[in-house]
Amino acid sequence: YNLVKSGYFTDVAFFRVIAGFMGQFGIHGDPKVSAKWRDANIQDDPVKGSNIRSAICFAKSGAPNSRSTQFFINLVDNANLDRMGLSPFGKVTQGMDVVDKLNSEYGEGAPQGKGPEQGRVQAEGNAYLKKDFPNLDYIKSAKIVE
């Protein structure tokens, strides 16, 4: 809620899109903005739903309570993620056809894949992404409709 209200999701890249799995976003394009939120971790939630197609979930490291500003949208049913403590909190209710068209040409991030290295995204922001990964898709903006 606070991220959306503050305009955090303006010009934010889907920097990790793996076909047949998920699309990840949530590192701000301006490293100074991203740095302000980097350590704003939130507590884990119990898994009450499943990572079905269209479910939205916080990305996290393997450490407890490591959720922050990164999210992913499940492109397929990924129930195996439930056992890993990844708790969906929302669902794409309209526009999943658009999500299905996210560019997955870069796939997994470096060093395992040819996609963006998250440390460089944090440090260099959209300047790095737009130079080295020009075909990424971006969220133009987000708003809360009440």
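Tutor: Searching the whole structure for cavities of 30 Å³ or more gives one. A cavity here is a set of points on a 1 Å grid over the protein atoms alone where a 1.4 Å probe fits but cannot get out. The model is predicted, with local features needing pLDDT of at least 70 and side-chain atom pairs pLDDT 80 or more, while totals for chains, interfaces and linings use all residues. Numbering runs from 1 along each chain as its sequence is written, and side-chain values use heavy atoms, without hydrogens or water.

The volume of the largest cavity is about 40 Å³, a volume being the space filled by probe spheres set on grid points joined across faces, edges and corners. Its lining (residues with an atom within 4 Å of a point) consists of D44, D45, F58, K60, R67, G85, L86 and S87. Four of these lining residues are charged, two are polar and two are nonpolar. Nonpolar covers Ala, Val, Leu, Ile, Met, Phe, Trp, Tyr, Cys and Pro; charged covers Asp, Glu, Lys and Arg; the others, Gly among them, are polar.

Next come the pockets, open sets with protein on both sides within 12 Å along at least five of seven lines. The largest pocket has about 970 Å³ of volume. Of the 33 residues that line the largest pocket, F25, I56, I73, I139 and A142 lie nearest its centre. By class, 23 of the lining residues are nonpolar, six polar and four charged. At least two lining residues each come from α1 (2-5), β3, β4 (71-74), β5, α3 (96-99) and β6 (138-139). With three residues, α1 provides the largest share. Helices (H or I, at least four residues) and strands (E, at least two) are DSSP runs numbered from the N terminus.

The second largest pocket has a volume of about 460 Å³ and a lining of 22 residues. Nearest its centre are Q24, A59, K60, S61 and Q70; K60 also belongs to the lining of the largest cavity.

The structure contains eleven aromatic pairs, that is, rings of Phe, Tyr and Trp (its six-membered ring) with centres within 6.5 Å, stacked if the planes are under 30 degrees apart, edge-to-face if over 60, and otherwise tilted. F14 and F25 make a tilted pair, because their ring centres are 4.9 Å apart and their planes stand at 55 degrees. F14 belongs to strand β1 (residues 12-18) and F25 to strand β2 (residues 22-25), eleven residues apart. F14 and F25 are both buried, meaning under 20% relative accessible area for a 1.4 Å probe and protein chains only, with exposed over 50% and partly exposed in between.

F58 and F89 form another tilted pair, at 5.1 Å from centre to centre and 40 degrees between planes. Since F58 is in strand β3 (residues 55-58) and F89 in strand β5 (residues 88-91), the pair ties together parts 31 residues apart in sequence. F58, at 13% relative accessibility, is buried, whereas F89, at 48%, is partly exposed. Ring pairs join F58 and F89 with Y8, F9, F14, F25, W37 and F71 in a cluster.
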